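Hello,

I am passing a structure on to you, and my notes on it follow below. Please have a look at it alongside them.

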Amino acid sequence: HQANHDPLTGLANRRKFMKKLKDVLKKKTKAAVILLDFDNFKEINDTVGHVYGDQLLKKFSQLLLSSFNDNVFVARYGGDEFLLLIENINSKEEIEKYIKKLKEIVSEPFLIDKNEFYLDFSLGISCYPKDSSNSYELITMADTAMYQVKELSNKYYLFYTSEIFNKIKDKKIIREILRRAVKNNAFELKYQPQFNTQTEEIECLEALIRLKDYNISPGKFIPIAEETGLIIDIGRWVTKRAINQLKELRDQGFKEKRIAINFSGEQLNDKNYVDFLQKSLKENNINPEFIEIEITENVLIEHKQESLDFLEKIKNAGVKIALDDFGTGYSSFSQLTFLPADYIKLDKVLIERFISGEKLNSIKSLINLIHNLDLKVVAEGIEEYDLFKFLEENGCDYIQGYLFSRPLKVEELKKVYDKNYLS
């Protein structure tokens, strides 16, 4: 009995579940495997203790056993995960009836020592024979679907599909590529110029990271770097490389220009970043005013106090600050009054929204309003000459976009470093 049952809940354990699943597969009966994982269980254990957590698992297990008939086999997979095997199931709609029943089990609060606890869960489902005829693969597939549903905000269950597997597989591959790239220095920086509309010169260069040996866009690998925590090492690499290349350009006789470095919200976990930045500047004898940190408005909203504290440290270090992607999130002008920024970057989406609505005067008013707050305006993503001329004539300070230049490798950048594009 002990070999086949979970000592806490009395349910079948993983070993017995595998034996039962193999027996069902031998009978060639259509079946579904459901993997259930609680979303908020760690929070309960951390706040009220494991004793309450154990009581909850027991109560939930009793409800599982009493809520289903004989064609449902229930097991504790481990921790706060449970497995259900449903036999003689012929359609997705039938499986969803069981899922609805599971939801009903947790719809009411669990009462333990006069304390009420609410449980939420995520479910992954795999089906025999549609998905696989291998017991281990079926559980892995249910696990894969469950892992994916946790990343969604509008669903609590998913049926396994090959698309889900490919997405997860891609993420794992990219994660390994990033780990190796961090270890082997396999990144490079490209620089996209920002042009001063008054001096008609390149005044700032936005540093954009790329993988040397893989054609994977930053839009795909940066979120994975953030999820895994690799963004801390990557962020430091970008900072150090940008400062080193600024020194190299100066040593080769090029005039120093400001370099803008993108900063992820997850990098706020790098508590010593500002010290690292200042040390890198000092080692290369670079004035802090030639470095700009770009932070998005979404980071400001999600980590408001952390972001403000970080920006104050940056400002005190003499480094410039830009609010990137303005107009895509939820920034208000009241925030701009206390944000220690120097530049506001108007997102291409915002500008196009005004153009499509034939509200060009709104862009002019927006630029004037930002100027009244003693901030400079950068328009990014500009590709049309007429739009550039309109922005220039209405006081936009800087222009960035493919109309003038794509991101360039440093050797390509040297060829146009002092070029006057606007004339």
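Helix α2 (residues 41-48) and helix α3 (residues 50-67) have axes that come within 7 Å and cross at roughly 140 degrees. Helices here are DSSP runs of H or I with at least four residues, strands are E runs of at least two, and both are numbered from the N terminus. The axes are lines fitted to C-alpha atoms, for helices over the stretch in contact, with angles from 0 to 180 degrees between N-to-C directions. The two helices are therefore oblique to each other; angles under 35 degrees count as roughly parallel, over 145 as roughly antiparallel, 65 to 115 as roughly perpendicular and the rest as oblique. On the α2 side the contact (heavy atoms within 4.5 Å) uses Phe41, Ile44, Asn45 and Val48, and on the α3 side His50, Tyr52, Gly53, Leu56 and Leu57. By class these are six nonpolar, three polar and no charged residues, where Ala, Val, Leu, Ile, Met, Phe, Trp, Tyr, Cys and Pro count as nonpolar, Asp, Glu, Lys and Arg as charged, and the others, Gly among them, as polar.

A word on the source: this is a predicted model, in which local features need pLDDT of at least 70 and side-chain atom pairs count only at pLDDT 80 or more, while totals for chains, interfaces and linings use all residues. Residues are numbered from 1 along each chain as its sequence is written, and side-chain values use heavy atoms, with hydrogens and water left out.

Helix α3 also packs with helix α4 (residues 92-105): their axes come within 11 Å and cross at roughly 140 degrees. That makes α3 oblique to α4. Phe60, Leu63, Leu64 and Ser67 of α3 meet Lys101, Leu102 and Ile105 of α4, giving five nonpolar, one polar and one charged residues.

Next comes the pair of helix α1 (residues 14-26) and helix α5 (residues 135-149), packed at about 115 degrees with axes 9 Å apart. They are therefore roughly perpendicular to each other. From α1 the contact takes Phe17, Met18, Leu21, Lys22 and Leu25, and from α5 Ser135, Tyr136, Leu138 and Ile139. Seven of these residues are nonpolar, one is polar and one is charged.

Two backbone details may interest you. Tyr128 and Pro129 are joined by a cis peptide bond, with omega about 10 degrees, and Pro129 sits in the loop between β6 (121-128) and α5. Asn185, in the loop between α6 (162-184) and β8 (187-196), has a positive phi near 60 degrees though it is not a glycine.

Finally, the largest pocket has a volume of about 1100 Å³, meaning the space filled by probe spheres set on grid points joined across faces, edges and corners. A pocket is an open set of points on a 1 Å grid over the protein atoms alone, where a 1.4 Å probe fits, with protein on both sides within 12 Å along at least five of seven lines; lining residues have an atom within 4 Å of a point. Its lining has 39 residues, and Glu206, Leu208, Asn262, Asp324 and Asp325 lie nearest the centre. The lining divides into 13 nonpolar, 14 polar and twelve charged residues.

Best wishes
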